[in-house]
Amino acid sequence: MSGFPNQPSPHQPATKPPRPPLSPQDDNAKTQALIAYCLLGAGYFTGLFWVIGGGGAMVKIDDFRGSLFEDHFVNIIEVFWWGMGMTVIGIVTTFIFIGWLILLGTFIWTVFKIVKGLSQLTSNRAYADQG
């Protein structure tokens, strides 16, 4: 233990100060982004949920401009459109082997982006926040 009050011991890591509570707009944005991410995840089993999740994010993004979670909506929309486009290309080219590789790569990329987004969202951080 350090001999000075309010000083962390050299054996204890310093802790980050707690984040302030979310504003009502940020709290609503977080809830809507969580719903959209979950719908994208469910969309792997039925494409309808994929469309509802991506479409919902496109409809709601203007409501959350300037919020802490705005870039989550940008990510959701990006994953939706790139995922849709690459899936179509992959399906069209499955008669040659490259289509299966495109589908596999698209699946891995979208899962990564959704999981990273959920991780950042549940930690009350922006999608691009590295801290």
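Me: Where is the place of threonine 93?

Reply: Threonine 93 is placed in the loop between α3 and α4; helices here are DSSP runs (H or I, at least four residues), strands are E runs of at least two, and both are numbered from the N terminus. The model is predicted, so local features need pLDDT of at least 70 and side-chain atom pairs count only at pLDDT 80 or more, whereas totals for chains, interfaces and linings use all residues. Residues are numbered from 1 along each chain as its sequence is written, and side-chain values use heavy atoms, with hydrogens and water left out.

Me: Is threonine 93 buried or exposed?

Reply: Buried means under 20% relative accessible area, exposed means over 50%, and partly exposed lies in between (1.4 Å probe, protein chains only). With a relative accessible area of 17%, threonine 93 is buried. Its contacts (heavy atoms within 4.5 Å), leaving aside neighbours within four places in sequence, are with Ile98, Gly99 and Ile102.

Me: How is the packing of two helices described?

Reply: The description rests on the angle between the axes and the distance between the axes. Axes are lines fitted to C-alpha atoms, for helices over the stretch in contact, and angles run from 0 to 180 degrees between N-to-C directions. The axes of α3 and helix α4 (residues 98–122) come within 9 Å and cross at roughly 170 degrees. Angles under 35 degrees count as roughly parallel, over 145 as roughly antiparallel, 65 to 115 as roughly perpendicular and the rest as oblique. α3 and α4 are therefore roughly antiparallel to each other.

Me: Which residues of α3 and α4 meet?

Reply: Among those in α3 are His72, Glu78, Trp82 and Ile91, and the residues they and others meet in α4 include Leu103, Trp109, Lys113 and Leu121. By class, this contact of α3 with α4 divides into ten nonpolar, ten polar and two charged residues. Ala, Val, Leu, Ile, Met, Phe, Trp, Tyr, Cys and Pro count as nonpolar, Asp, Glu, Lys and Arg as charged, and the others, Gly among them, as polar.

Me: At what angle do α2 and α3 pack?

Reply: Helix α2 (residues 47–60) and helix α3 (residues 70–92) pack at about 140 degrees, with axes 9 Å apart. These two helices are therefore oblique to each other. Residues of α2 including Trp50, Gly54 and Met58 take part in the contact, as do Phe73, Phe80 and Met84, among others, in α3. The contact of α2 with α3 has eleven nonpolar, three polar and one charged residues.

Me: How many aromatic pairs does a search of the whole structure find?

Reply: Rings of Phe, Tyr and Trp (its six-membered ring) pair if their centres lie within 6.5 Å; planes under 30 degrees apart count as stacked, over 60 as edge-to-face and the rest as tilted. The search finds four aromatic pairs. One of them joins tyrosine 44 and phenylalanine 107 edge-to-face, at 5.3 Å centre to centre and 70 degrees between the planes. Tyrosine 44 lies in the loop between α1 (24–42) and α2, and phenylalanine 107 in helix α4, so the pair ties together parts 63 residues apart in sequence. Both partners are partly exposed: tyrosine 44 has a relative accessible area of 31%, and phenylalanine 107 has 43%. Tyr44, Trp50 and Phe107 form one aromatic cluster.
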